[in-house]
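Here are my notes for you, written as numbered points. Keep the picture open and find each spot as you read.

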Amino acid sequence: MASGHQVVGFTFGLGALTLLPQLDITYDKPFQTVLFFVFVIFGSLLPDIDTPTSRLGSKFWRGLMILFSIALLSYLFAPHYIDIYREQLKVFVLLLLPVLIMIRSHRKMTHSLLFILLLIVYSVLIERIFHIPWFYLSGLIIGVISHLFADYITKRGIPIVYPISRKHVQFLFTFRTGSPIERMIVYSLVIWNVWFLTATIF
C-alpha cells in the first residue's frame with residue numbers, strides 16, 4: 001500500500017543518512033534533510049506510476065495523457081507559423097509514447113533492476129548537465145530501492161530481472177499486501193523511526 005511504501009522509504013532514508021556519510025547530509029541541515037526525504041518519499045511511490053490506479057500513477061497518468069494529447073494535436077494540426085517547433089513536438093511525442101505504454105502494466109519494468117540502473121544513469125546525466133546536488137537524486141534512488149524491497153517481501157514479488165525474465169521472485173518469508181502483517185510491520189517501523197529520530201536529534 002502507498003502508506004506502507006512511504007514508511008519503508010522513510011526508514012531506508014534514515015538508514016542511508018546513518019550508514020552513508022558520503023551523502024554529506026546531517027540533521028543540523030534541516031532544509032537539505034527535508035528535501036532529501038521529499039525525494040525519498042517520491043521515490044518510494046515512483047515505481048507504481050506503472051499502474052493508473054495507484055496514488056501517484058493516477059495523477060501521473062492523467063498528466064502524461066494531457067501532455068501527450070496536446071503535443072500530438074499540435075504536431076498534426078498546428079498552424080504553419082509554428083513549424084519551427086514541429087520537429088521538437090514529434091520528438092516529444094515519440095519519447096512519451098513508450099512511457100505511456102510502459103506504465104500500463106503493473107510490476108514489470110519499473111519493478112526491476114533495469115529500472116534502478118536506468119534511474120542511476122539518468123541521475124548522473126542530470127547531475128552533470130544541470131548540476132543538481134547528488135544527495136537529492138540519491139534520495140530518489142533510495143526511495144525506489146525501498147519500494148522494490150517492500151514489494152519483494154510480498155507474496156506477489158517482483159520481476160527483478162525483467163525483461164530477461166518476467167518471472168516474479170519473492171523473499172523466503174512473505175505476506176499479502178494489505179494484510180494485518182503488513183500493518184504490523186508499518187506500525188513497528190513508525191515507532192522505530194520516531195524513537196530513532198528522537199534519540200538522534202535530542
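1. Start with phenylalanine 171. Setting aside neighbours within four places in sequence, phenylalanine 171 is in contact with Tyr152 and Ile153. Tyrosine 152 sits 19 residues away along the chain, yet the two C-alpha atoms are separated by 6.0 Å. Keep in mind that this is a predicted model, so treat every value here as computed from it.

2. Where does phenylalanine 171 lie? You'll find phenylalanine 171 in the loop between helix 6 and helix 7.

3. Arginine 166 has 58% relative accessibility, so it counts as exposed; the cut-off is over 50%. Once neighbours within four places in sequence are left out, arginine 166 is in contact with Lys108 and Pro159. Check methionine 109 as well: it is 57 residues from arginine 166 along the chain, with 9.4 Å separating their C-alpha atoms.

4. Next, a pair of helices. For helix 2 (residues 30–45) and helix 6 (residues 134–152), the axes come within 6 Å and cross at roughly 35 degrees. The crossing of helix 2 and helix 6 is right-handed.

5. Which residues meet where helix 2 and helix 6 touch? On the helix 2 side, they include Phe31, Leu35, Phe36, Phe39 and Phe42. On the helix 6 side, Phe135, Tyr136, Gly139, Leu140 and Gly143 are among them.

6. Turn to helix 5 (residues 113–130), where you'll find leucine 118. Leucine 118 has a relative accessible area of 43%, so it is partly exposed. A nonpolar surface patch of about 660 Å² includes Leu118, and its other members are Leu114, Leu117, Val121, Leu125, Ile129 and Phe130.

7. Finally, zoom out to the whole chain. How many helices and strands are there? The secondary structure comes to seven helices and zero strands, which reads along the sequence as α-α-α-α-α-α-α. Of the 202 residues, 38% are buried. The chain exposes about 12,300 Å², with carbon and sulfur atoms supplying 73% of that area. As for contacts between residues at least 6 apart in sequence, 62% join residues at least 24 apart.

Key. Residues numbered from 1 in each chain as written. Predicted model: local features only at pLDDT ≥ 70, side-chain atom pairs only at ≥ 80, totals over all residues. Heavy atoms only, no water. Patch = residues over 30% accessible without salt bridge, like charges linked within 9 Å, V, L, I, M, F, W, Y side chains within 5 Å. Areas by Shrake-Rupley, 256 points an atom, 1.4 Å probe, with all protein chains shown as cover. Salt bridge = Lys/Arg side-chain N within 4 Å of Asp/Glu carboxyl O. Helix = DSSP H or I, 4+ residues; strand = E, 2+ residues; numbered from the N terminus. Buried < 20%, exposed > 50% of the residue type's maximum accessible area, 1.4 Å probe, protein only. Axes fitted to C-alpha atoms, helices over the stretch in contact; angles between N-to-C directions. Left-handed = near helix turned anticlockwise from the far one by under 90°. Contact = heavy atoms within 4.5 Å.
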